[in-house]
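I opened a new notebook page for this structure. These are my entries, in the order I looked things up.

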Amino acid sequence: MPLRGYKLAYPVVSADGTEAGFTGVSLGRSRAYGITADAECVGNAAHHCPATWCGCGFYCFHSLSDARALACDSEFQHSVLLEVEARGHYIRCEKGLRYSRQTVTAVRAGRCGCGWPAKAFADAGDGLVGWRRLLPLCAACAASRPVLSLEEFARLAGGVSVSRDEQAVAWAANSAVPASDADMVPLLSAEAALLHARLDQLQSQLDRLTGEN
Ligand SMILES: [Zn+2]
Ligand SMILES: [Zn+2]
């Protein structure tokens with residue numbers, strides 16, 4: 001029986017844009033992995049992960065709330081939350097597991113740096129050989145950037161479920177902003193942009209008219 005766990009990861013996309021995956025947020029930062037992966041020791045590949053005398057292997061928390069708590073640390077702010085099934089050899093720790101094989105079963109996109117739930121991924125501006133790291137962004141912050149939708153990321157990753165984080169959605173819905181729907185703001189700003197474009201057009205017509213007079 002696989003054991004369920006929760007962990008943080010950074011979403012990544014391959015250099016040619018045809019594959020999506022993840023990297024670890026600390027030790028496993030230098031290696032990208034897909035939906036199902038076997039742990040590899042970063043120090044010494046001659047032993048099986050996880051070894052008790054080595055820090056290698058995949059890590060996960062038993063509880064979603066512990067993973068969420070870690071995501072608040074500024075170092076891990078732009079990570080996503082993975083739900084995983086841990087298999088193979090494992091070492092049980094107080095709050096989680098260190099193990100050899102995992103399958104990612106669900107991804108929560110986390111929150112944008114501005115506070116709204118992330119709805120898309122943009123290029124984070126860094127990465128590792130062959131992989132670009134992605135930044136979770138809300139629709140408003142993503143508006144002026146080329147992005148990968150959550151659906152497209154899910155497809156490139158091999159069909160895992162990728163959704164907005166329900167807690168980030170709830171937090172945004174309870175915010176003091178008059179429009180309670182998290183989707184209203186990007187929608188409104190798009191409409192405002194359209195309105196401005198029309199106003200500009202109107203203005204130039206008016207200018208032309210007054211110029212003629
Ligand atoms: Zn090791
Ligand atoms: Zn944002």
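**Zinc site, ligand 1**

I looked up histidine 47 and found it buried, at a relative accessible area of 14%. Buried means under 20% relative accessible area, exposed over 50%, and partly exposed in between, with a 1.4 Å probe and protein chains only. Cysteine 56 is buried too, at 4%.

I noted that this is a predicted model, in which local features need pLDDT of at least 70, side-chain atom pairs count only at pLDDT 80 or more, and totals for chains, interfaces and linings use all residues. Residues are numbered from 1 along each chain as its sequence is written, chains are lettered from A and ligands numbered from 1 in the order in which they are written, and side-chain values use heavy atoms, with hydrogens and water left out.

I then listed what holds the zinc ion (ligand 1): Cys41 (SG), His47 (NE2), Cys54 (SG) and Cys56 (SG), at 2.1 to 2.3 Å. Donors are N, O and S atoms within 2.8 Å of the metal (3.2 Å for Na, K and Ca); water is not among the atoms, so sites may look incomplete. The angles among the four donor atoms are 103 to 120°, and the site is tetrahedral. Four donors count as tetrahedral if all angles lie between 85 and 135 degrees. The sequence spacing of the donor residues is C-x5-H-x6-C-x1-C.

**Zinc site, ligand 2**

I found the zinc ion (ligand 2) coordinated by the SG atoms of Cys112, Cys114, Cys138 and Cys141, at 2.2 to 2.4 Å. Its four donor atoms subtend angles of 106 to 116°, so this arrangement is tetrahedral. The donor spacing here reads C-x1-C-x23-C-x2-C. Cysteine 114 is partly exposed at 44% relative accessible area, and cysteine 141 is partly exposed at 33%.

**Aromatic rings**

How many aromatic pairs does the structure hold? I counted five. Rings of Phe, Tyr and Trp (its six-membered ring) pair if their centres lie within 6.5 Å; planes under 30 degrees apart count as stacked, over 60 as edge-to-face and the rest as tilted. One aromatic cluster is formed by Phe22, Tyr33, Phe58, Tyr99, Phe121 and Phe153.

**Charges over rings**

I found the charged end of arginine 111 over the ring of tryptophan 171, 4.7 Å from its centre. A charge sits over a ring if NZ of Lys or CZ of Arg is within 6 Å of the ring centre and within 35 degrees of the ring normal.

Terms used:
Four donors count as tetrahedral if all angles lie between 85 and 135 degrees; four count as square planar and six as octahedral if opposite donors are over 155 degrees apart and all others between 65 and 115; anything else is irregular.
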